[in-house]
Amino acid sequence: MNDTALPAIMMFHIDSGINILTVLLENELVDTAMLGDLISERAQESESIQEERVWSALRAFLFQEGRILNFPKDLQGPDREPTAI
């Protein structure tokens, strides 16, 4: 194994996943409903609550859910308008 720290490798892969998902969404290259279902299945198959939360966070990113600590949209304020996808 090389000298790269395991946390650095983990962060690289998480960052890569977010970048790929962003490109897919911005260019409408994926059926979000189907991907959302696949992510939900992975969350249900999780072996730990931590893994389930990671999948849930990814699904929230996919559907732009959970902005500003899950406050209702009417309480978020004008500076936090959701971006159109």
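Ile 18 is partly exposed, because its relative accessible area is 36% (buried is under 20%, exposed is over 50%, and partly exposed is in between, with a 1.4 Å probe and protein chains only). What you have here is a predicted model, where local features need pLDDT of at least 70 and side-chain atom pairs count only at pLDDT 80 or more, while totals for chains, interfaces and linings use all residues. Numbering starts from 1 along each chain as its sequence is written, and side-chain values use heavy atoms, leaving out hydrogens and water.

**Overall layout**
- The protein has 3 helices and 0 strands (DSSP runs numbered from the N terminus: H or I of at least four residues for helices, E of at least two for strands).
- Going along the sequence, you read the pattern α-α-α.
- Out of 85 residues, 13% count as buried.

**The core**
- Leu 21, Leu 25, Leu 35, Ile 39 and Leu 62 make up the largest nonpolar core, which has 5 residues (a set of buried Ala, Val, Leu, Ile, Met, Phe, Trp, Tyr and Cys residues joined through side-chain atoms within 4.5 Å).
- Helix H1 (6–26) and helix H2 (32–44) are the elements that give two or more residues to this core.

**The nonpolar patch**
- On the surface, Met 10, Met 11, Ile 14, Ile 18 and Phe 61 form a nonpolar patch with about 440 Å² of accessible area together (areas are Shrake-Rupley with a 1.4 Å probe, and for residues only the protein chains shown count as cover).
- Patch members have over 30% relative accessible area and no salt bridge; like charges are joined within 9 Å, and nonpolar side chains (Val, Leu, Ile, Met, Phe, Trp, Tyr) within 5 Å.
- H1 supplies the largest share of the nonpolar patch, at 4 residues.
- Ile 18, the residue we opened with, is found in helix H1.

**The negative patch**
- Asp 31, Asp 37, Glu 41 and Glu 45 form a negative surface patch (Asp and Glu count as negative, Lys and Arg as positive, with His and chain ends not counted; a charge is placed at CD of Glu, CG of Asp, NZ of Lys or CZ of Arg).
- Glu 41 is found in helix H2, and its relative accessible area of 41% is why it is partly exposed.
- From Glu 41 to Glu 52 it is 11 residues in sequence and 9.9 Å in space, C-alpha to C-alpha.
- Glu 45 lies in the loop between H2 and helix H3 (49–62); with 56% relative accessibility, Glu 45 counts as exposed.

**A backbone angle to check**
- Glu 28 has phi near 50 degrees, a positive value in a residue other than glycine.
- Glu 28 is found in the loop between H1 and H2, and this residue is exposed, with a relative accessible area of 64%.

**Around Phe 63**
- Phe 63 is found in the segment after H3 and counts as partly exposed because its relative accessibility is 29%.
- Between Phe 63 and Thr 32 the C-alpha atoms are 7.7 Å apart, though the residues are 31 apart along the chain.
- Gly 36 has its place in helix H2 and counts as buried, because its relative accessibility is 0%.

Methods. Salt bridge = Lys/Arg side-chain N within 4 Å of Asp/Glu carboxyl O.
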